[in-house]
Amino acid sequence: MGVVAEPRNQLPEQLRKRTPSAMVFAILPMVLVALGAAGLISQWSFSPGGPSVDGASVPTVDVAAELDQAADRAGFPVVDPALPPEWRANSANVTTLASKAQVVRVGWLTGEAHYLRLAQSTAAEAELVAAETRRQPAAQGVVRAAGLDWVVYRSVRDEQAWVGERAGVRLLITGNGTEAEFRTLAEAAVAAPLVRP
């Protein structure tokens, strides 16, 4: 004969049965609290019309103005690519690597809602690739685009990085865009006028 729990450890039949709707209403407050906390921490919000932060649209960067200032700071000529009108520049900055080489970066949201970033620098290729991909450089092959050979590297989250050179300045493209979008940015960067310091 099996062991039977004492009556005080057994729940009445009506308390042990849970309907699906009762379970949903029991879990719903926890889900709402978790989403609210995540929203406060990361400052995201639902925006069917496009990306937003705190209910406002993601800012658009004036690339020409940013690159004009960046060229002065970096001390080398940079390119200002002309991209399709549906591409939106949303970030730009200049950073300094360990070698003291400057890196000028501009990031775009493509028309397909992908993200691509163009980094320009006179740094050694290995240092630039390591800084931009956060990986030890290991070339995966070469792609021909815009009349240049671009060395392909692995980047974060299974993304790629393409590295080419123009006028003594390394161009590195990375992000989660398609090959066609990489080629669009590569062609625009090679054809773009130089912004000189």
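This is a predicted model: local features need pLDDT of at least 70, side-chain atom pairs count only at pLDDT 80 or more; totals for chains, interfaces and linings use all residues.

Biologist: What does the chain contain as a whole?

Modeller: The protein chain has five helices and 11 strands. Of its 197 residues, 35% are buried. Among contacts with a separation of 6 or more, 50% are between residues 24 or more positions apart.

Biologist: How should I read a sheet, and what is the order of the strands in the open sheet here?

Modeller: Strands of a sheet pair through backbone hydrogen bonds, either parallel or antiparallel. Here seven strands form an open sheet in the order S4-S5-S6-S10-S9-S8-S7, and the pairing is antiparallel. Strand S4 (88-96) and strand S7 (139-145) are at the edges and have a single partner strand each, so one side of each has no neighbour in the sheet. From one strand to the next, the twist averages 20°.

Biologist: How many bridges join S5 to S6?

Modeller: Strand S5 (residues 102-109) and strand S6 (residues 115-121) run antiparallel and are joined by seven bridges. Within this pairing, Val106 stands opposite Leu118 in S6.

Biologist: Which helices pack on the sheet?

Modeller: Helix H3 (residues 63-74) packs on the sheet and touches S4, S5 and S6. The direction of H3 makes about 165° with that of S5. H5 also packs on the sheet, where its contacts are with S5, S6, S7, strand S8 (148-154), S9 and strand S10 (169-175). The direction of H5 makes about 20° with that of S9.

Biologist: What joins S7 to S8?

Modeller: S7 and S8 run antiparallel and are joined by six bridges.

Biologist: How does one read a nonpolar core, and which residues have the most contacts inside the largest one here?

Modeller: In soluble globular proteins, nonpolar side chains tend to be buried together. In this model the largest nonpolar core has 33 residues, and those with the most contacts inside it are Val104, Trp108, Leu118, Ile173 and Leu185. Val104 shows what such a position looks like: leaving aside neighbours within four places in sequence, its contacts include Leu67, Ala70, Ala74, Phe76 and Leu118. Another core, of 11 residues, lies apart from the largest one and has Ala119, Leu128, Val129 and Leu172 among its members.

Biologist: How many aromatic pairs are there?

Modeller: The count is one aromatic pair. The ring centres of Trp162 and Phe182 are 5.0 Å apart and the planes are at 45°, so this pair is tilted. It links distant parts of the chain, with Trp162 in strand S9 (residues 160-166) and Phe182 in helix H5 (residues 179-191), 20 residues apart. Both Trp162 and Phe182 are buried.

Biologist: Let us turn to charged side chains. How many salt bridges are found?

Modeller: A search of the whole structure finds eight. In one of them, Arg117 is joined to Glu132, with the closest N and O atoms 3.0 Å apart. Arg117 belongs to strand S6 and Glu132 to helix H4 (residues 125-133), 15 residues apart, and the pair links distant parts of the chain. Arg105, Arg117 and Glu132 are linked in a network of salt bridges.

Biologist: Are Arg117 and Glu132 buried or exposed?

Modeller: Arg117 is buried, with a relative accessible area of 18%, and Glu132 is likewise buried, at 4% relative accessibility.

Biologist: What are the accessibilities of Arg154 and Asp158?

Modeller: The side chains of these two residues, Arg154 and Asp158, meet in a salt bridge at 4.0 Å, N to O. Arg154 is partly exposed, with a relative accessible area of 41%, while Asp158 is exposed, with 69%. Glu165 and Arg170 also meet in a salt bridge, at 3.8 Å from N to O.

Terms used. Residues are numbered from 1 along each chain as its sequence is written. Side-chain values use heavy atoms; hydrogens and water are left out. Rings of Phe, Tyr and Trp (its six-membered ring) pair if their centres lie within 6.5 Å; planes under 30 degrees apart count as stacked, over 60 as edge-to-face and the rest as tilted. Helices (H or I, at least four residues) and strands (E, at least two) are DSSP runs, numbered from the N terminus. Buried means under 20% relative accessible area, exposed over 50%, partly exposed in between (1.4 Å probe, protein chains only). A nonpolar core is a set of buried Ala, Val, Leu, Ile, Met, Phe, Trp, Tyr and Cys residues joined through side-chain atoms within 4.5 Å. Contact means heavy atoms within 4.5 Å. Two strands pair if DSSP finds at least two bridges between them. Axes are lines fitted to C-alpha atoms, for helices over the stretch in contact, and angles run from 0 to 180 degrees between N-to-C directions.
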